[in-house]
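These are my notebook entries on one structure. I record below what I looked up, entry by entry.

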Amino acid sequence: DLRPEALTTCLTAAHRIDEGDAPLDKLAATLKSESAAIDRDDAALARDGKKEFTEQAAVDKFNVRVRAQKARAAEFNKKVDGYSERRAARKKEHDSFNSQCAGKSYYPSDLAAIQGQLPFDPAKYAAKKALICFRR
């Protein structure tokens, strides 16, 4: 059973998880799109690299594209690493919430007692029976 202090902790954790997941999901979509663009450009470079260059200027121009693509891929990989670290941290938060809060019961009067102390509307989280169940 969740008493007021634990209920406050669980609702705050649910709010923090909810608020933190949306930007991370948006970043995942951005990375997926960027990955597809890099793949397309890699394919174009592979195709163009098979051409026979007859002028040094064309070779130089192609090499500039290759260096730019490598730099872009390196920057992308840094973003993916950062995303992976953030995702791992989010998973820990989810796991902690699930072990400490999910499926726990609380009294509606305890929710009413703490409601004014929270900087967000806890009804949104308290109503998710999969997260925290009412005890009648």
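Is Val 64 buried, partly exposed or exposed? I find Val 64 partly exposed, with a relative accessible area of 48%. Here buried means under 20% relative accessible area, exposed means over 50%, and partly exposed lies in between, with a 1.4 Å probe and protein chains only. Val 64 lies in helix α2. From Val 64 to Gly 20 I note 39 Å, C-alpha to C-alpha, for 44 residues of sequence separation.

**Entry: source and confidence.** I note that this is a predicted model, in which local features need pLDDT of at least 70, side-chain atom pairs count only at pLDDT 80 or more, and totals for chains, interfaces and linings use all residues. Residues are numbered from 1 along each chain as its sequence is written, and side-chain values use heavy atoms, with hydrogens and water left out. I looked up pLDDT, the predictor's confidence in each residue, from 0 to 100. For the protein chain the mean is 88, and 92% of the residues reach 70 or more. Confidence is highest in helix α2 (residues 56-100), at a mean of 95, and lowest in strand β2 (residues 132-134), at 49. Helices (H or I, at least four residues) and strands (E, at least two) are DSSP runs, numbered from the N terminus.

**Entry: helix packing.** I looked up helix α1 (residues 4-49) against α2: their axes come within 9 Å and cross at roughly 155 degrees. The axes are lines fitted to C-alpha atoms over the stretch in contact, with angles from 0 to 180 degrees between N-to-C directions. The angle makes α1 roughly antiparallel to α2; angles under 35 degrees count as roughly parallel, over 145 as roughly antiparallel, 65 to 115 as roughly perpendicular and the rest as oblique. The contact of α1 with α2 has 20 nonpolar, six polar and 15 charged residues. In this classification Ala, Val, Leu, Ile, Met, Phe, Trp, Tyr, Cys and Pro are nonpolar, Asp, Glu, Lys and Arg charged, and the others, Gly among them, polar.

**Entry: residues in α1.** His 15 is found in helix α1 and is partly exposed, at 22% relative accessible area. I find 7.3 Å between the C-alpha atoms of His 15 and Tyr 125, which are 110 residues apart along the chain. Lys 26 is also placed in helix α1 and counts as exposed, at 62% relative accessibility.
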